[in-house]
Amino acid sequence: MEEQLEKVLSEIVTQHDTVGALLANRQGLCLGAKGNINPNVSGIGMAISEQVAKLEPNNTVPATICLYSGNKRCVIQKDGEITGIIYKQTATTSTSATN
């Protein structure tokens, strides 16, 4: 199973704008992480996904949570026993004045 998780994480990290990714189990323990992401966020990400699932308990489609901070985006989704957390770099817009 560990080999399959490593494969999935490697595929996710190669996606455009992805900075880091991790997978957590239902206890919030990090199963694996790749890229620039702190494995300690696994518990917080899992807890957020659990709370969001309570908003619509009869929904059969897993909720996707997007958190924005500065120039980064955190995407969290729980599917069954596994919670995925992905950090993405958002496009920065720079404005410059020319005189």
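The side chain of asparagine 25 reaches the backbone nitrogen of glutamine 27 at 3.0 Å, a polar contact in the sense of a pair of N or O atoms within 3.5 Å, where within protein one must be able to donate a hydrogen and the other to accept it, and where residues adjacent in sequence count only if both atoms are side-chain atoms. The table sets this pair beside the one made with leucine 29.

| Backbone nitrogen | Distance from the side chain of asparagine 25 |
|---|---|
| Glutamine 27 | 3.0 Å |
| Leucine 29 | 2.9 Å |

This is a predicted model, in which local features need pLDDT of at least 70 and side-chain atom pairs count only at pLDDT 80 or more, while totals for chains, interfaces and linings use all residues. Residues are numbered from 1 along each chain as its sequence is written, and side-chain values use heavy atoms, with hydrogens and water left out.

Asparagine 25 sits in the loop between β1 (18-24) and β2 (30-35), strands being DSSP runs of E of at least two residues and helices runs of H or I of at least four, numbered from the N terminus. With a relative accessible area of 15%, asparagine 25 is buried, that is, under 20% with a 1.4 Å probe and protein chains only. Not counting residues up to four places away in sequence, asparagine 25 touches Leu31, Met46 and Glu81, contact meaning heavy atoms within 4.5 Å.

The protein as a whole has two helices and five strands, which run α-β-β-α-β-β-β from the N terminus on. Of its 99 residues, 27% are buried.

Terms used. Buried < 20%, exposed > 50% of the residue type's maximum accessible area, 1.4 Å probe, protein only.
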